[in-house]
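This report describes the fold and the packing of one protein chain. Please consult the sequence and the model shown here while reading.

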Amino acid sequence: MAKKPKKQAGGTPATVALTAAGTPFTVHSYDHDPASPSYGEEAAEALGVPPARVFKTLVADVDGALTVAVVPVAGQLDLKALASAVGGKRATMADPAAAERTTGYVRGGISPLGQRKRLPTVLDASAWEHETICVSAGRRGLEVELAAEALRTLTSAVRAPIARA
């Protein structure tokens with residue numbers, strides 16, 4: 001019987017997945033303020049990183065299927081563009097409880113990596129404007145920095161312009 005891989009001490013499913021894949025990444029942590037109105041903008045400010053380089057992970061429902069959208073925290077998700085990117089007709093934001101249950105992460109800490117159930121993923125095309133980007137590492141106050149192409153490869157993401165200012 002094969003042994004189950006051990007979780008790294010203090011690791012999240014996202015960092016475990018990155019390590020297992022041999023992907024170069026850097027973990028950044030900060031003290032999360034529960035009163036902060038925007039998790040992503042809080043992360044950018046706390047880490048001293050431009051908001052255009054910090055990406056939020058949103059879960060949407062595209063024609064009845066949950067789909068992950070990864071967009072800059074400074075922008076908004078264009079639901080019509082997301083639906084189009086995955087060949088769908090209509091997208092709406094997913095029920096938060098369904099997003100948490102399906103990904104295994106809590107809202108504000110949903111990572112595009114290491115999700116309980118792998119969902120179709122779309123990464124905004126602006127990610128390639130930066131050498132590295134930051135995304136949630138799987139809990140509030142924890143980010144991982146990695147190359148956009150590495151994130152696209154690990155999540156099998158579609159690259160598409162899905163964000164608007």
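Which residues touch the most other members of the largest nonpolar core?

**Basis of the model**

The model is predicted, with pLDDT of at least 70 required for local features and 80 or more for side-chain atom pairs, while totals for chains, interfaces and linings use all residues. Residues are numbered from 1 along each chain as its sequence is written, and side-chain values use heavy atoms, without hydrogens and water.

**Nonpolar cores**

The residues in question are V59, L123, I133, V135 and L151, within a core of 25 residues. A nonpolar core is here a set of buried Ala, Val, Leu, Ile, Met, Phe, Trp, Tyr and Cys residues joined through side-chain atoms within 4.5 Å; buried means under 20% relative accessible area, with a 1.4 Å probe and protein chains only. At least two residues of this core come from each of α1 (13–21), β2 (55–62), β3, β7, β8 and α5. Helices (H or I, at least four residues) and strands (E, at least two) are DSSP runs, numbered from the N terminus.

Leaving aside residues up to four places away in sequence, V135 touches F55, V70, P112, E143, V144, L146 and L151, where contact means heavy atoms within 4.5 Å.

**Helix α5**

Helix α5 spans residues 148–155, and its residues A148, A150, L151 and T155 are buried. These four lie on the same side of α5, because they cover an arc of only 160 degrees around the axis, taken from the directions from the helix axis to the C-beta atoms. The buried residues of α5 pack against β3 (65–72), β6 (121–124), β7 (133–139) and β8 (142–146). After α5 comes S156, with a positive phi near 55 degrees.

**Sheet**

An open sheet of five strands has the order β5-β2-β3-β6-β9, with mixed pairing; two strands pair if DSSP finds at least two bridges between them. Strands β2 and β5 run antiparallel and are joined by three bridges. A60 has M93 of β5 as its bridge partner.

**Overall dimensions**

The protein contains five helices and 10 strands, and 45% of its 165 residues are buried. The C-alpha atoms fill a box of roughly 45 × 40 × 30 Å along the principal axes. Of the contacts with a separation of 6 or more, 62% involve residues 24 or more positions apart.

Methods
Buried < 20%, exposed > 50% of the residue type's maximum accessible area, 1.4 Å probe, protein only.
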